[in-house]
Amino acid sequence: MRLNVTFLTSWLLVLIICLLAGCKKTETVPDPDMASRVSGRYAVTTITITGNSQPITVVNGTVIMVRNGVALDTVDLTLSYATASTSGSSTFSETKTITLQQSGNAIDLYSGTTKVGSWTTALLTVTNYPFNNTTVSFTAAKQ
């Protein structure tokens, strides 16, 4: 009888371990290569420039994001646009290195430790981005 109790206990222990091992949760792991997902050319759809005392019309705004070296979470963001105002027209362009951080279904964009925007599927939204001695906010759609 003692042999049957030990055998039964061992068998139950093996059964419980097998059941627990079969109940693992499957987690969806996001693609770690965020740089490849956000890289591309974007057309600026709206832009606001702070610190200007006169009305400015922005034309031909583009954003180009390319991987920074081999990093999976860093891109070089180049914002370029032309302006037209009563005092004439100007063209602006500047490149900054941006760090990417997964945030649910979105990817947050950081300039240093400051969050400056987010990317979702094919839409780029940036707020209070330091650019050419001013601050801009813009949205851009991936082309």
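**Ground rules.** I number residues from 1 along each chain as its sequence is written, and I use heavy atoms for side-chain values, leaving out hydrogens and water. Because the model is predicted, local features need pLDDT of at least 70 and side-chain atom pairs count only at pLDDT 80 or more, while totals for chains, interfaces and linings use all residues.

**Entry 1: D33.** I looked up D33 and found it in the loop between α1 (2-21) and α2 (34-38). Helices (H or I, at least four residues) and strands (E, at least two) are DSSP runs, numbered from the N terminus. D33 counts as buried, at 17% relative accessibility. Buried means under 20% relative accessible area, exposed over 50%, and partly exposed in between (1.4 Å probe, protein chains only). Leaving aside neighbours within four places in sequence, I list R67 and L72 as in contact with D33 (heavy atoms within 4.5 Å).

**Entry 2: aromatic pairs.** I searched the whole structure and got 2 aromatic pairs. Rings of Phe, Tyr and Trp (its six-membered ring) pair if their centres lie within 6.5 Å; planes under 30 degrees apart count as stacked, over 60 as edge-to-face and the rest as tilted.

I noted Y81 and F92 as a tilted pair, 5.4 Å centre to centre with 40° between the planes. Y81 lies in strand β3 (residues 74-85) and F92 in strand β4 (residues 88-103), so the pair ties together parts 11 residues apart in sequence. Y81 is buried at 4%, whereas F92 is partly exposed at 28%.

I also noted Y129 and F138, which are edge-to-face because their ring centres are 6.3 Å apart and their planes at 90°. Y129 is buried at 1%, and F138 is buried at 2%.
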